[in-house]
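Take a look at the model below. This report walks through a few of its residues, its helix contacts and its cores.

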Amino acid sequence: MVVGGADGCRTGWVICRRDADGALDIRVVKTLAEACEGLALLAVDMPIGFVDVPRPARACEVEARRLLPGKASSVFPTPCRPALACTTHAEANALSRTMGVGLNQQTFHLFPKMREVDALMRGNRNLHSIVYEAHPELAFARMNGGKPVLSKKRKPEGFAERLKLLAKHGFKWKPVPLPGAARDDVLDALAVCRTAMLIADGGATRLGPARARDRYGLPMNIWF
């Protein structure tokens with residue numbers, strides 16, 4: 001069985017694949033559809049499933065923030081589906097505010113990736129049993145005995161700390177330049193690849209109700 005973890009990067013997606021022998025294959029692909037090819041299971045660091053109004057927020061996000069004291073801001077607020085259709089931050093923020101919740105620029109910059117995942121999942125129901133939402137900081141916290149890793153991954157000490165945790169849990173990576181992606185993108189892809197492995201083995205934790213679905217039947221759960 002080959003599983004994978006995917007994280008968005010500036011040129012597409014970093015995909016980390018792990019086979020049954022533990023061998024890793026890390027590359028950059030343009031689309032998430034490419035990342036899915038040949039995989040039994042893929043964990044992706046991007047929201048799956050959108051509520052129609054900002055409040056109440058997805059239950060899985062609320063639970064994720066509670067599990068990451070000191071790191072809760074790493075769980076970006078997922079926009080409501082109407083806001084996701086907006087093409088400018090001003091429009092998306094104004095729409096969200098009419099429903100009681102503002103929308104920051106950082107989240108808006110992820111809209112293209114969110115739309116890509118949404119279109120892919122809505123267009124192929126078979127992927128509902130293959131593609132799972134994950135979060136790297138939850139994955140790192142699990143590797144760290146349940147304690148959030150508070151250091152910043154883009155700083156040398158934060159990068160080294162996460163690299164050490166990955167190696168300890170069977171995901172050794174010698175940092176080398178990967179055209180089109182930053183080093184921390186690779187870290188996150190490796191982290192959620194471990195989540196994919198845990199899901200495949202039946203040992204992962206699910207946040208949010210098992211039956212949580214959006215209007216299109218997409219699951220609204222975060223796994224780690």
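## A residue in helix 1

A35 touches I15, R17, V29 and L42, leaving out residues up to four places away in sequence. Contact here means heavy atoms within 4.5 Å. A35 sits in helix 1, residues 32–36. Helices (H or I, at least four residues) and strands (E, at least two) are DSSP runs, numbered from the N terminus. A35 counts as buried because its relative accessibility is 0%. Buried means under 20% relative accessible area, exposed means over 50%, and partly exposed lies in between (1.4 Å probe, protein chains only). From A35 to R17 is 18 residues in sequence and 9.0 Å in space, C-alpha to C-alpha.

This is a predicted model, where local features need pLDDT of at least 70, side-chain atom pairs count only at pLDDT 80 or more, and totals for chains, interfaces and linings use all residues. Residues are numbered from 1 along each chain as its sequence is written, and side-chain values use heavy atoms, with hydrogens and water left out.

## The cores

How many residues does the largest nonpolar core have? It has 32. A nonpolar core is a set of buried Ala, Val, Leu, Ile, Met, Phe, Trp, Tyr and Cys residues joined through side-chain atoms within 4.5 Å. V14, I26, F140, M143, L166, W173 and L190 have the most contacts inside this largest core. Two or more residues each come from strand 1 (3–9), strand 2 (12–18), strand 4 (41–44), helix 7, helix 8 (156–168) and helix 9. Helix 9 gives the largest share, 11 residues.

I26 is in contact with V14, I15, C16, W173, L178, V186 and L190, leaving aside neighbours within four places in sequence. Another core lies apart from the largest one. This other core has 26 residues, among them A6, F50, C86 and F108.

## Helix 7 against helix 9

Helix 7 (residues 136–143) and helix 9 (residues 183–201) pack at about 70°, with their axes 8 Å apart. Axes are lines fitted to C-alpha atoms, for helices over the stretch in contact, and angles run from 0 to 180 degrees between N-to-C directions. That angle makes helix 7 roughly perpendicular to helix 9. Angles under 35 degrees count as roughly parallel, over 145 as roughly antiparallel, 65 to 115 as roughly perpendicular and the rest as oblique.

On the helix 7 side, P136, A139, F140, R142 and M143 make the contact. They meet L187, D188, A191, V192, R194, T195 and L198 in helix 9. By class, the residues of this contact are eight nonpolar, one polar and three charged. Ala, Val, Leu, Ile, Met, Phe, Trp, Tyr, Cys and Pro count as nonpolar, Asp, Glu, Lys and Arg as charged, and the others, Gly among them, as polar.

## Helix 8 against helix 9

Helix 8 and helix 9 pack at an angle of about 30°, and their axes are 11 Å apart. The two helices are therefore roughly parallel to each other. F159, R162, L163 and L166 of helix 8 meet R183, D184, L187, L190 and A191 of helix 9. This contact of helix 8 with helix 9 has six nonpolar, no polar and three charged residues.

## Two loop residues

Is H128 buried or exposed? H128 is buried, because its relative accessible area is 16%. H128 lies in the loop between helix 6 (111–123) and strand 5 (131–133).

P209 is in the loop between strand 6 (206–207) and strand 7 (222–223). With a relative accessible area of 44%, P209 is partly exposed.
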